Amino acid sequence: MSFVSFSFALFVAAAVLFYYLIPVRYRYLVLLIFSLLFYYLACGKYIIYILLASLVTYISSMLMEKEKQKVQVLFPAEETAADRNKKKEAKEWLKKRLKRIMIIDLLLVFGTLSVLKYSEFVFANINLFRLLFFGDRKLRGLGDLVLPLGISFYTFQAAGYIIDLYYKRIDAEKNPFKLMLFVTFFPQIIQGPISRFKDLSPTLFAGNRFERENIRKGLYYILFGVAKKLIIADRLSLFVQRSSAFYKDVNGTYLLLTILFYSLQLYADFSGGINITIGTARLFGVEVTENFARPFFSKSVAEYWRRWHITLGTWFRDYIFYPISISKNLMNLGKKVSRVSSFFGKRTSLYTATIVVWALTGLWHGAEWRYVVWGLLNGIIMCVSAELEPLYAWLNRKAGWKDDSFLHKAFSIIRTFLIMSFLRIFDLSFEGIRMALSILKRILLRQGGITMSRLEELGLSQNDLIISLAGIALLFVISMLQRKKSIYERLMGLSLPCRWVICTLSVALILVFGYYGLGYSGADFIYMQF
Amino acid sequence: MKRPIYGLIIKSLCVLITAWLLFTVLDRIFMPKYVEENTDGNVTAEFYRADTPLDAVFFGSSTVYNAIAPDKMWNEFGFSSYTRASASQTIWQSYYLIRDTVHYNRPKLVTLDVSFMKYGEDFYEEASNRKTIDGMKLSFDKLMCARDSMWEEESLYSYAFPILRFHSRWNELRAEDFKYALRRPTVTYDGFIMGFRNDPDIENYEVVEKEDYSFPPKAAEYLVRIMEYCEEEDIPLLLMKTPTYINNWFPEYDRQLEEMAGKYRNVEYVNFDYCADIIGLDRRADYMDGHSHLNICGAEKFSGFFGKYIKDRYGLPDHRQDDTYSSVWNERYTRYCIDGEIGKAALK
Amino acid sequence: MDELIDILKGIHPEVDYETEEALIDSRIFDSFDIVTLVGQLTEEYDIEIGPEDLLPENFNSAKSIYELVCRLMEE
């Protein structure tokens, strides 16, 4: 069931109706039932995976809770309060127990993810290795495994919950149905965001009372998301797909256009989807974390990643980057390196962690080497630009540029956008790294002319081009407006008739200029004769 | 406590009304108008403009709307009728159109052309779906008709809200789309479409023998539903075959249809192909489109014959002395004559 | 405390640590800075900072960092 479909609209409408008809204390159950139904409709029997993930998470959390109670019996409060060593001992004991449970849990949930998503990749690489060194490639792998919907998202969300429990940042949820709802909540199952238990649970589990504000805000968000997806993203997608598929037959200028449009398409699609997610959740009064903060206005790659797919970035930061970078082992390694060179010593843990995180981020996006390369490039660019910062500062001082001058800002923003667009070549190159390099080479060396008829062959007619550009311009203006105040607040500041007109117009624009329906796939029929 | 609920209801109603208005306006602008060309696209809708009760309504594919002229029959025989045929109207579409027709203007006789009995499940033309169905008023029958006619890529919603299909016409909109958005002029002659072409060459069309002459299940199923429906509603049904000169009809079909019709009290089957000589149809002058349709000359001959047949056979009344009828129908006949003569002059 | 301010100055010299109370929330310190800081704190004060201590509220101001260091030194 796609987000932008009548069936989804009806599904949500039914869910909203039931939600507010049921007594407050059972409302979360309505969400759970509809979430499971949604998953079942999308995946059928593969719902078993998400159910198992919820179950494993619940059992682990309850075991951890048990250990937390046990420690209070074994080390009574009076004793630990008086004796600092005793307190430390209790803490160590608990930590060890909790760690064991956490590791088993993570092995199970990430194990499932690895087998389903990465086994093919691993076997292919083992076979490559065998081919290189032994001249055969016999391992057959597990065959084509079905990747359950949203597994990368719900696995990370469930794992985050357990890790938070281990760090005692949250209390365990004792109601298994509520926990299952946290893992399966349908608006965010397709494309995230990866919510934190602390952020999502209060509004998710409370039976929210009917408030017009929630409905209104939800609908506005959905409208905005649908507009982004239908007017911009879907219109550009055919061109991006085709021109990257025919990359050998088009010159570098088309490919340059392709990667720029791909960035915009991806943003419109992904952020539009997130708008729909947030809006849908909002209809139930549930508050889902924002996943984008106008990323194309970032002045550096590092900043970009704090503003694009925010929840994935913070997940990796909190659960991988920090634990690795400040781990005792890496810190000690850093000290050892320091004896040889203090420059490298200071950076050992930082950069090791960065590289690991970005290799994993790459793998998260897909089980292929090109994604790993893409992730690593991101990491390397961040490390390099951190090192170059003094140089930039020196250059700016010498040239008399001010950090906050408009030109300097614009330059940084455009540079970042271009870097990110070029990196995405790896994302686009479905044939692998070689294709990515070939596209890059063509963009750099084979620039040429562009004709409208060729663009149309590639799936972008003149009209589509005009609408896409107009849509992007509008999106840009809206983003600029959002700088100080969200567009929603701005709208609410207008008078009712004004809002009414804007809303009606937006719906009309989506209906007319949306890229959907037969008119865009079948030949236009009106001239057919009988 | 009560006030907020009222406010909510009023606001929701406002939203619904705005949405409805928006869809209506957009539908009206974006739907093809079929006024300056492809006027057959208006046959389904103009049925609702019959200003008097109808004595007979004729269903079938394009052969029918090119062959049966209600205005001409009014003038000669005095009964009121409408040709609710459409391009490639399949048997299942005829079924729903008959139901729709009976619901709005119950006729004393229904006739159905059986040419499309040859086409079943795998017959599909989006454009004819649109021309046939879009003109129907929104009803359960319309949606069912769409559901049974649709191909996988089509969406049922787009039949309820045509803007979902036609929005891609935004760059093809012409003056006529706005001019006729609110009200389209009447472009058919009570469902009859005048053909002003002819095929003077006599070709001998090749006869392609078939291995199996049984009707496709979907067509057969809906023919049975039509016959049962007419029986239930107590409306006589005439299954007929409009004369054409292409040799794609076989006696095996006649035999099966006679057998099927024979099972019902008020259904009969007549193949007018066999009457072509009695009617006086001239292969050189009266046909068009590769002898698959009658042109205006052929249609006038056929309407004269066919009108007399159904009037005598089914005892259709003569309203020519009735003012409520004649005030409407005489005017229509005049329009028909003027436009017909202009066209016929051009044909010669 | 002064020692701590010196360390902080070494990372972001332009910040006024006496008054700033949103080092994390207003994104003055990014994750690289945090890791650098943690590295220096562990070395300087011989303490162990674990991932569980890396909460925004512990690092938002010089004062809260100081409190964290004191608490960890006690343990």
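Guide: Here are a few of the terms, each set against its definition.

Guide: This is a predicted model, where local features need pLDDT of at least 70, side-chain atom pairs count only at pLDDT 80 or more, and totals for chains, interfaces and linings use all residues. Residues are numbered from 1 along each chain as its sequence is written, and chains are lettered from A and ligands numbered from 1 in the order in which they are written.

Visitor: Why is Y34(B) called buried?

Guide: A residue is buried if 20 or more other C-beta atoms lie within 10 Å of its own, exposed if 12 or fewer, and partly exposed in between; C-beta atoms are placed from the backbone. Y34(B) has 23, so Y34(B) is buried.

Visitor: What makes H291(B) buried or exposed?

Guide: The count again. H291(B) has 21 other C-beta atoms within 10 Å, so it is buried.

Visitor: Which residues does a cis peptide bond join?

Guide: G192(A) and P193(A), with omega about 0 degrees.

Visitor: What makes two residues count as in contact?

Guide: Their C-beta atoms, placed from the backbone, lie within 7 Å. The contact takes 20 residues from chain A and 23 residues from chain B. The residues on the chain A side that touches chain B include one charged residue; Asp, Glu, Lys and Arg count as charged.
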